[in-house]
Amino acid sequence: MKSLRLLWVPTVFAIMVIAAWWWHHQRSSVGPKAEDPAVAAAMKDAKVIARGRYLTLAGDCVSCHSVAGGQPYAGGRALLTPFGNIPVPNITPDPETGLGNWRFENFWRALHTGMGIGGEPLYPAFSYTSFTKITREDAVAIFAYLQTLPPVHQPPEPLGLRFPYNVRGALTAWRAMYFKSGTYQPDPKQSAAWNRGAYLVQGLGHCNECHAARDTWGGIDTRASLAGGEIPAQNWYAPDLSMQAHGGLHGWTGQDIVDLLKTGQSSKGVAFGPMADVVASSTQYLSDADLHAMADYLQSLPARQPQVDDALRVSSKAVADRGAAIYGQGCAACHGTDGQGVPGVYPPLDGNASVLEPIGVNATRAVLLGGFAPSTAANPRPYSMPPYAQQLSDADVAAVVTYIRQAWSNRVTPVLERDVIKYRHTPVD
Amino acid sequence: MTTNVPASACPVLRWLLSLACLLGAGAVHATGQPPVPDTLQQRIAACTTCHGLHGEGSQDGGFFPRLAGKPAAYLALQVQNFQRGLRKYAPMEYTVRQLSPAYVHEIAVYFAAQQVPYQRKPVPDLAPAVFQRGGQLVQAGDPALKVPPCQACHGKTLTGTEPSVPGLAGLPYDYISSQLGSWRTGTRASAAPDCMAEIANRLAPSDITAVAAWLASQQVPPDAHPQPAGSITPPLHCGVLEGQGGGT
């Protein structure tokens with residue numbers, strides 16, 4: 001059986017080679033010369049542009065398509081992936097380096113089918129796997145808004161993918177496995193709000209791109225939708241978003257979801273790491289109606305299987321005592337001896353999704369890095385947590401995180417010293 | 001309804017309300033968890049754990065620089081530079097990543113207003129000639145290297161100049177030498193033209209040791225306030241000084 005199982009390696013390689021050849025022959029520059037008159041009229045409509053601005057914020061386009069300190073939407077950085085660096089394009093209307101010469105049809109093809117202006121398949125670091133669900137009308141609005149941005153001349157960074165991932169044709173095989181184009185189809189059995197929430201979460205908000213596990217080839221198993229996953233190359237874990245039994249957000253109310261997305265903080269947890277960025281640059285700007293709609297949809301995610309009991313749960317008495325002592329000294333003053341935190345100020349750790357996620361990276365890095373909840377309009381002066389990287393050894397961090405993961409009602413695996421060593425050296429950006 | 005009566009109109013009511021507040025606060029205490037102080041100090045625990053409650057910097061020769069009494073605009077600009085990727089130091093980049101300009105300003109003003117005594121920092125054990133060279137660079141510069149004296153911008157007593165030149169007095173040796181090194185390697189930068197990057201690149205590595213050692217060995221003057229704005233004529237073009245400089 002083992003030899004049969006290994007057969008898939010040459011098979012996939014052969015598919016990639018054939019796909020590369022096919023793609024080479026198919027490739028042609030496509031797209032109309034002039035803008036469709038109906039689209040051209042919509043693009044001049046101030047209402048459409050305003051709606052496009054809102055949708056562009058909801059899609060958090062700015063967070064990938066900008067570099068720290070650079071012009072918003074002008075690209076200029078590379079996205080780290082396990083396969084190498086992928087340059088982020090400039091989406092300002094600069095004719096040479098941006099979307100200045102694009103027609104809406106080019107934009108639609110990119111968003112909806114993941115194909116570039118030259119007919120080339122795009123790398124799925126651009127989340128067209130989610131964006132394909134965006135309606136044409138919304139895409140027109142987003143394009144209209146992007147075309148009103150000040151044009152910035154900024155050529156893209158060079159492509160930094162390793163072989164064989166740099167063979168564009170391989171994407172044809174990838175797309176066959178993981179991508180199906182199609183706009184969001186409302187579920188008539190559900191409310192309008194639920195459908196709006198599902199559309200935002202699955203499509204524009206592209207939540208699944210982080211909150212789901214990826215396989216070796218970077219694809220997402222659609223059955224694991226929003227069930228949580230490790231964020232590749234960044235060393236964070238995006239928790240399961242189910243609010244039902246054994247879900248990552250079990251015990252959260254719809255209002256908690258709205259609070260976190262609006263203010264950066266809820267009575268159940270604080271947005272930190274990449275989610276703090278999402279709140280700061282995107283979700284805080286969403287209308288209450290849209291946030292409630294997203295919460296409605298998330299509340300309908302199914303219950304999860306309980307995590308399997310195993311011997312790994314047990315940590316030694318010495319580690320537990322050490323962890324408890326460090327917790328009492330450094331953590332209890334804010335998070336409470338009972339792990340309940342202070343509502344609205346310091347998050348509870350008992351039952352906290354980021355404490356209970358399967359690999360322990362979030363709690364470990366929170367202890368090492370500390371940090372602020374994001375400044376938002378609703379919570380402009382957030383409280384913060386001190387970083388402990390300077391004060392605690394790797395063994396101490398492992399002990400206290402293990403303690404937190406096994407105290408109160410928490411029952412998940414310990415964190416080991418070697419994990420802490422790895423996470424201590426993860427770059428922050 | 002008594003709630004419609006302004007509290008100031010009725011002293012007894014005002015007294016009763018205060019009492020109610022006190023009792024309310026007491027009730028929170030009774031549940032075991034003391035109320036979290038709604039103070040900036042409490043909010044910025046992430047800053048003060050390294051830089052000190054009053055921004056005094058790490059004690060006993062540690063790395064973290066003093067923030068107390070530095071010009072507020074300088075402090076705010078440094079945070080902005082971490083946000084923009086001009087200054088590189090992972091823990092700082094992560095901490096300040098999502099702070100709004102208004103919050104950064106408030107925090108900067110807090111640290112700028114702190115007045116706490118300086119603590120003598122350990123001075124590395126180096127040859128007297130090294131200190132002499134350091135003192136010469138700080139006070140007179142080196143015309144052959146086109147390096148101006150530090151005092152030209154950082155103030156006659158090296159306590160900085162409002163609004164955006166930091167004081168150098170009382171900084172640890174490790175911090176000063178690593179910052180000058182960072183300017184050479186591009187992990188610290190400021191608005192172009194970046195005069196400090198120019199200067200750091202004109203210095204020899206041994207000069208960096210000399211300058212840092214001499215600065216760390218000096219007594220902090222009794223009046224550690226920065227010089228007033230407009231009291232310097234920068235010898236180099238400095239983006240951070242908005243083109244006030246005139247030399248090369």
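## A guided tour of chains A and B

Begin by selecting A:Asn235, which is found in the loop between strand E4 (229-231) and strand E5 (236-238) of chain A. Helices (H or I, at least four residues) and strands (E, at least two) are DSSP runs, numbered from the N terminus. This is a predicted model, in which local features need pLDDT of at least 70 and side-chain atom pairs count only at pLDDT 80 or more, while totals for chains, interfaces and linings use all residues. Residues are numbered from 1 along each chain as its sequence is written, chains are lettered from A and ligands numbered from 1 in the order in which they are written, and side-chain values use heavy atoms, leaving out hydrogens and water.

**Backbone features**

At A:Asn235, phi is near 55 degrees, a positive value in a residue other than glycine. Is A:Asn235 buried or exposed? Its relative accessibility is 15%, so A:Asn235 counts as buried (buried is under 20% relative accessible area, exposed over 50%, partly exposed in between, with a 1.4 Å probe and protein chains only).

Next, select A:His246, in the loop between E5 and helix H11 (254-263) of chain A. The phi of A:His246 is also positive, near 60 degrees. Most residues other than glycine have a negative phi, and most peptide bonds are trans.

Two cis peptide bonds may be visited next. One runs from A:Phe163 to A:Pro164, with omega near 5 degrees; A:Pro164 is found in the loop between strand E3 (160-161) and helix H9 (170-178) of chain A. Another joins B:Glu162 and B:Pro163, with omega about 0 degrees, and B:Pro163 is in the loop between helix H8 (151-154) and helix H9 (173-185) of chain B.

**The nonpolar cores**

Now select A:Phe107, A:Leu146 and A:Leu298, the residues with the most contacts inside the largest nonpolar core, which has 65 residues. A nonpolar core is a set of buried Ala, Val, Leu, Ile, Met, Phe, Trp, Tyr and Cys residues joined through side-chain atoms within 4.5 Å. Helix H8 (residues 136-146) of chain A gives the most to this core, eight residues. At least three residues of the core come from each of domain 1 (10-178) and domain 2 (192-299) of chain A, with bounds from an automatic or database domain assignment.

Which residues does A:Leu298 contact, leaving aside its neighbours within four places in sequence? They are A:Val201, A:Leu226, A:Leu241, A:Met243 and A:Ile257, where contact means heavy atoms within 4.5 Å. A second, separate core has 34 residues, including B:Cys150, B:Cys153, B:Cys195 and B:Leu203.

**Between the chains**

Display both chains. The contact takes 33 residues from chain A and 27 from chain B. Together the chains bury about 2,400 Å², 55% of it on carbon and sulfur atoms; buried area is the accessible area (1.4 Å probe) that two parts lose on being put together, summed over both.

There are two salt bridges between chain B and chain A (a side-chain nitrogen of Lys or Arg within 4 Å of a carboxyl oxygen of Asp or Glu). Select A:Arg381 and B:Glu106, whose side chains meet in a salt bridge of 2.8 Å, N to O.

**Inside chain B**

Finally, colour domain 1 (40-113) and domain 2 (128-241) of chain B. Their centres, taken over C-alpha atoms, are separated by 20 Å. In chain B, 16 residues of domain 1 are in contact with 19 residues of domain 2, and zero salt bridges are found across this interface.
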